[in-house]
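Work through the exercises below with the sequence and the model at hand, and try each task before reading its solution.

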Amino acid sequence: MQTKRMTLPGGWLPYALLAPQVIVTLIFFIWPAGQAFYQALLREDPFGLSRTFVGLDNFARLFNDPLYLNSMSVTAVFAIGTTLLSMSMALLMAMAVNRLIRSRHAYTTLLVWPYAVAPAIAGVLWWFIFHPSIGILPYMLDMLGYRWNHRTSGTDAMLLVIFAAAWKQIAYNFLFFLAGLQSIPQSLIEAAAIDGASPFKRFWSIVFPLLAPTTFFLMVVNVVYAMFDTFGVIHATTQGGPAQATNILVYKVYADGFVGMNLGSSAAQSVVLMAIVVALTVVQFRFIERRVNY
Amino acid sequence: MASIKLEGLRKTYPGNVQAVKGIDLDVADGEFVVLVGPSGCGKSTLLRMVAGLESVGEGTLHIGDRVVNDLEPAQRDIAMVFQNYALYPHMTVFDNLAYGLKNRGHQRDEIERRVQEAAKMLEIEELLPRKPRQLSGGQRQRVAMGRALVREPAAFLFDEPLSNLDAKLRVQMRVEIKQLQRRLQTTSLYVTHDQLEAMTLGDRLVVLNGGRIEQVGTPMEIYLRPASLFVATFIGSPAMNLFPVDYLRERGSGLLDDLPEGTDIVGIRPDDLHIQAPDKRHLIVESTLELFEAAGAESHLYVRLEGNDQPTVIRTAGQPPVTEGETLRFHVTREALHPFNRESGRRMGV
Amino acid sequence: MVEHRPVGNLLTHVLLMLGVAMVLLPVYVAIIASTQGPGELMRGGLPLLPGGHALENYRLMWQSGLSSSSAPAAGKMLWNSLIMALAITVGKLAISLLSAFAIVYFRFRFRLFFFWLIFITLMLPVEVRIIPTFRVVADLGMLNSFAGLSIPLIASATATFLFRQFFMTVPEEMLEAARVDGAGPMKFFRDILLPLSITNIAALFVIMFIYGWNQYLWPLLITTDPEYYTIVMGIQTMINSEGYVPWHLVMAAVVMATLPPVLVVLFMQRLFVKGLTETEK
């Protein structure tokens with residue numbers, strides 16, 4: 001790994017400079033992660049009185065547990081739904097804003113602020129407007145003949161958390177798409193126009209391929225977001241219900257460990273999640289490397 | 001004020017890349033020495049070793065009467081002007097000049113006095129409250145000079161300080177640097193790849209190639225008696241023409257008989273091929289004029305010699321009455337011949 | 001686009017206004033709701049215009065909070081959120097600047113090892129190691145404290161990488177000139193490197209502040225004492241209580257919880273965009 005051509009005389013100083021970061025990392029990251037690995041191999045009774053070594057049994061049980069398998073498919077639906085909804089809305093908005101010049105800044109301002117809203121708050125906001133008895137959207141849906149109730153319908157609950165999670169993430173995707181669109185040389189689009197390509201064709205043959213790196217990057221980021229940063233959305237609203245319909249993996253780790261006090265299973269779930277994060281991070285970094293090499 | 005003495009300096013980078021392969025050099029107190037050579041010749045590495053920005057691999061480095069091998073740059077009592085100026089972008093010009101003095105614990109009024117003095121000398125007084133980004137290239141260059149000047153160091157080190165300026169400004173600053181150095185009499189080491197800059201600035205030139213010294217001498221010594229084929233072709237523009245000695249011998253009476261032992265290549269400067277026959281013994285070459293370049297005060301004639309495929313350049317004063325395609329005769333005297341050996345690349349004879 | 005047809009532009013504006021309306025809807029509804037009286041939300045269908053109870057709702061929430069929930073007054077929780085967010089932000093910036101400085105400007109044994117140690121934190125979000133981390137904090141006696149709320153979150157690979165990237169682009173000659181000028185390592189850091197990084201620091205400050213303010217799971221885990229509740233996690237206790245939820249008051253709290261980070265984004269939009277797009281590159 002690179003340093004500067006000339007470096008400073010070292011001694012103990014670089015170690016002292018790194019110490020705060022390294023100490024915090026060791027105590028609050030590395031050690032607990034190690035503990036999770038260790039506990040994943042143990043079974044503890046709910047009162048913490050006895051623990052036995054069970055090897056990979058926790059994992060075996062996990063993958064035979066219909067509730068966990070359900071949680072996995074729920075997570076997949078949630079992550080894909082959130083990613084697709086948020087990215088397509090953001091792309092649409094970014095392309096529209098990119099057409100404009102004078103009002104570009106104003107629209108951007110109006111579209112980006114939800115980034116600052118906490119996922120939990122986003123959840124509460126959408127919970128409120130979809131509230132079966134006082135929310136305004138169920139009122140309108142009712143007129144269309146649909147009885148919305150996210151307290152009893154798993155589909156409604158899933159849609160609700162997807163809306164909340166996607167809504168908050170539009171701002172982020174929008175900014176990256178807009179930056180991506182603005183980095184496409186105008187001359188390319190003009191050349192395509194001279195070659196007689198219609199606006200629609202110009203999008204598919206020029207703009208979309210050039211946006212592909214941004215799109216791929218955002219897909220990874222959005223999946224990571226939906227899988228790990230949306231705990232608040234679930235916890236503040238559906239709490240995994242109704243009937244496990246929104247019990248995504250990160251929520252289940254918490255619920256099983258903290259509420260259900262099933263430490264071995266929760267630790268095993270942690271290990272599985274870490275494996276997923278590692279995989280996604282590797283994908284993300286390999287992709288970044290490739291982009292740098294362009 | 002101090003002399004600088006380099007004894008057997010070497011620098012090897014990881015991967016066994018030898019940048020500097022044994023350099024001995026004495027720079028006298030107050031002398032202006034220019035290190036010149038093509039890129040990758042080790043000149044910048046050498047300068048940075050003197051500055052303390054690169055560690056000295058092997059050898060001994062003296063500044064004044066101290067061995068400074070292991071001293072910090074700040075302890076060596078040198079000042080440096082960087083190629084890209086390296087001005088601190090967030091500080092005003094005044095603070096840029098004052099920073100080194102502050103770090104050395106000078107008194108506030110002393111700093112003020114010295115900065116004003118240096119600014120006056122470089123005519124940048126009205127720039128003092130500005131930030132570097134508000135300055136033109138030439139002004140930045142002056143500020144970079146000022147930062148070196150204000151310290152009143154034992155030696156100035158210049159790392160291609162004019163290479164980021166446009167041609168006109170470069171000539172102007174070259175003259176100013178020379179005048180300033182004459183006035184201050186501060187020992188100076190100056191790195192450049194531009195042979196004209198080297199010739200005009202240096203009291204002495206050190207021509208470097210491949211990490212070794214090719215020749216040390218005054219500009220005229222080097223121009224008139226290049227010690228190697230490399231120096232011969234590197235210094236002087238247009239570059240010296242080279243001919244196999246046998247080619248000339250076919251044309252040249254007994255003029256070539258006293259060339260030193262081992263000569264197989266003869267160099268002739270473009271100025272030494274004359275259209276007018278001199279009244280001394282000379283040899284004559286016939287050629288076809290391929291291209292004529294009028295450059296105002298002088299002209300360049302690109303010719304092809306009979307029986308020699310290499311294009312040859314001739315420089316004459318004014319504009320001779322010639323047309324492209326015609327056959328011309330050129331006259332060369334014995335004194336204009338530079339004898340070299342191809343194998344060793346060295347000049348033959350004493 | 002190449003040609004701008006008036007009809008196309010009109011369509012563009014219509015599309016964008018629909019998008020903006022959709023983005024604004026939840027917050028507009030929240031603001032309207034927060035100005036209503038206790039009974040007005042129960043009639044089915046929300047009013048479209050603000051009611052006349054804004055002042056009393058906000059004052060009630062700010063000063064005393066909701067009696068049906070364990071959360072304290074919103075004023076108190078906002079204050080807690082502010083302290084936590086600032087502590088996390090300042091802490092992250094400080095330790096990231098120092099470690100990036102060490103990694104870029106020094107050569108020392110185990111440099112690569114430390115680099116990877118920091119890097120690995122990227123892969124361990126708190127969500128995936130909840131219980132062991134909670135135990136560590138509990139064992140250290142940091143439950144229900146601002147130290148416990150902030151210190152475990154200040155290690156940040158992202159900020160360290162951003163500063164590392166930035167330091168790598170600082171011209172080599174800055175350090176060389178500073179050393180010729182007699183500046184030692186820490187003097188160089190303070191006089192040259194920090195002032196040069198100021199835009200990056202500010203951009204990251206915006207992002208980190210939002211990150212800190214919006215923490216949810218962490219305060220949920222380690223605060224059992226309402227004294228330390230933050231506003232974002234406190235709101236959840238108001239709606240998860242059984243029985244009647246006074247939505248007009250909850251929405252007043254929601255608006256108060258959202259306002260500080262949103263204002264930061266709106267007033268520092270340029271820095272926010274820079275911070276966001278650069279941390280992820």
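**Exercise 1: Annotated spans in chain A**

For "transmembrane region", an unreviewed UniProt entry lists residues 12-31, 76-98, 110-137, 157-181, 202-228 and 267-288 of chain A; such positions are given in the numbering used here, feature names are shortened, and annotations may be inferred rather than shown by experiment. The model is predicted, so that local features need pLDDT of at least 70 and side-chain atom pairs count only at pLDDT 80 or more, while totals for chains, interfaces and linings use all residues. Residues are numbered from 1 along each chain as its sequence is written, chains are lettered from A and ligands numbered from 1 in the order in which they are written, and side-chain values use heavy atoms, with hydrogens and water left out.

Task: find the helix content and the end C-alpha distance for residues 12-31 and for residues 157-181 of chain A.

Solution: Begin with residues 12-31 of chain A, which are 95% helix and 0% strand, with end C-alpha atoms 25 Å apart. Then take residues 157-181 of chain A, where the span is 100% helix and 0% strand and the end C-alpha atoms lie 35 Å apart. Helices here are DSSP runs (H or I, at least four residues), as are strands (E, at least two), numbered from the N terminus.

**Exercise 2: The interface of chain A and chain C**

Task: state how many residues each chain gives to the contact, and how much area is buried.

Solution: Counting contacts (heavy atoms within 4.5 Å), one finds 103 residues from chain A and 113 residues from chain C. The buried area, meaning the accessible area (1.4 Å probe) that two parts lose on being put together, summed over both, is about 10,200 Å², and carbon and sulfur atoms give 76% of it.

**Exercise 3: Salt bridges in chain B**

Task: locate the partners of the salt bridge between Lys5(B) and Asp26(B).

Solution: The closest N and O atoms of Lys5(B) and Asp26(B) are 3.8 Å apart. Lys5(B) belongs to strand 1 (residues 4-13) and Asp26(B) to strand 2 (residues 17-27) of chain B, so the pair ties together parts 21 residues apart in sequence. Lys5(B) is partly exposed at 31% relative accessibility, and Asp26(B) is partly exposed at 44%, where buried means under 20% relative accessible area, exposed over 50%, and partly exposed in between (1.4 Å probe, protein chains only).

How values were computed
A salt bridge is a side-chain nitrogen of Lys or Arg within 4 Å of a carboxyl oxygen of Asp or Glu.
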